[in-house]
Amino acid sequence: MPRTALATSFPGSVSYENFLVRVERVAMPLGFDRERAFAAVSLCRDEMTEPLLEAIARRWDRPFNLGGLGAVPALGRTGWRAALSHVPEHDGRGRLIVFGFPHLGIAPDGSLGQTVRRHQRMATPTCGAMVALLDSLRNGYDPLPAGLNDLEADRLRRVIEEQVEDLPDDLVALTKLAVRAVDDEIWAELDALRAHEDMDLSVFTGVQVHLPDDVDHIWPWASSYCGADAVRRPLEI
Ligand SMILES: [Zn+2]
């Protein structure tokens, strides 16, 4: 049943290892190999996202962590500047490969946005931040006590709201808007910092889907490359 839910809601999904093989196939000829490229990764804080992080680290060495709740880059201008300053140089240019993946779990009964975690009996929301956003759209917010904040959740909502006039009352649709927003956020910051002047850039985004007793899958969203001419070109993976 989870596989049916995956095929229905995220058609074209592939295992994350398969996805990374495809990325490597298009990125390597452009010079994004382990030796020359530096990876930066925007994943949600949920521990369930980590197998993907580890797989990226195996292929591209230790990545810079960009992500906050919902996989929206949370590091701000200072963090982006730090990430860009770590990119190694070969033949006068750097190569930065960026990944961004909001995520969603599928429970054993096929229900979307739920995961039964290790040593727990009841399913809990995955992604918790996306489910909380959906809940707040339906039921409103609880005000926070003075002095506390919910900055990453607020930002997640704001960047998704920038994508559409009216937010959908549906977790899958909301998650697909989130991956659009993550892709836009990554490119907006790279463009604003004129990163292409010093380095070649490639950005790969999608939705990471957790299946029970199975490997995570990726629903690919966007793959693109930008070189010194500042023109962003789609990559076919
Ligand atoms: Zn999450």
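Which residues is P102 in contact with, leaving aside its neighbours within four places in sequence? The legends below begin with that residue. This is a predicted model, in which local features need pLDDT of at least 70, side-chain atom pairs count only at pLDDT 80 or more, and totals for chains, interfaces and linings use all residues. Residues are numbered from 1 along each chain as its sequence is written.

**View 1. Surroundings of P102.** P102 occupies the loop between β5 (93-101) and β6 (103-105); helices (H or I, at least four residues) and strands (E, at least two) are DSSP runs, numbered from the N terminus. Apart from neighbours within four places in sequence, P102 is in contact with C44, G70, A71, C127, M130, T175, A178, V179, V182 and V207, where contact requires C-beta atoms, placed from the backbone, to lie within 7 Å. P102 counts as buried because it has 33 C-beta neighbours inside 10 Å. A residue is buried if 20 or more other C-beta atoms lie within 10 Å of its own, exposed if 12 or fewer, and partly exposed in between, with C-beta atoms placed from the backbone. The C-alpha atoms of P102 and I218 are separated by 9.9 Å, although these residues are 116 residues apart along the chain.

**View 2. The largest nonpolar core and M130.** A nonpolar core is a set of buried Ala, Val, Leu, Ile, Met, Phe, Trp, Tyr and Cys residues joined through C-beta atoms within 7 Å. The largest such core contains 65 residues, of which A39, L96 and M130 touch the most other members. Helix α7 supplies the largest share of this core, 10 residues. Beyond four places in sequence, M130 is in contact with G70, P102, L171, L174, T175 and A178. In soluble globular proteins, nonpolar side chains tend to be buried together.

View 3. L52, I56 and W60 are the buried residues of α3. They lie on the same side of α3 because they cover an arc of only 50 degrees around the axis, the arc being that of the directions from the helix axis to the C-beta atoms. The elements covering these buried residues include α2 (16-27), β2 (38-43), β5 and β9. E50, E54 and R58, on the other side of α3, are exposed.

View 4. Although D61 is not a glycine, its phi is positive, at about 75 degrees. With 13 C-beta neighbours inside 10 Å, D61 is classed as partly exposed. R194, also not a glycine, has a positive phi of about 50 degrees. The loop between α7 (171-192) and β9 (199-210) holds R194, which is exposed, with 10 other C-beta atoms within 10 Å.

View 5. The peptide bond from T126 to C127 is cis, with omega near 5 degrees. C127 is placed in the loop between β8 (124-125) and α5 (128-139). C127 is also one of the residues in contact with P102.

**View 6. The whole chain for reference.** The chain comprises seven helices and 11 strands. Buried residues account for 43% of its 237 residues. Of the contacts in the chain with a separation of 6 or more, 68% join residues 24 or more positions apart. Along the principal axes, the C-alpha atoms fill a box of roughly 55 × 40 × 35 Å.

Definitions and conventions:
Contact = placed C-beta atoms within 7 Å.
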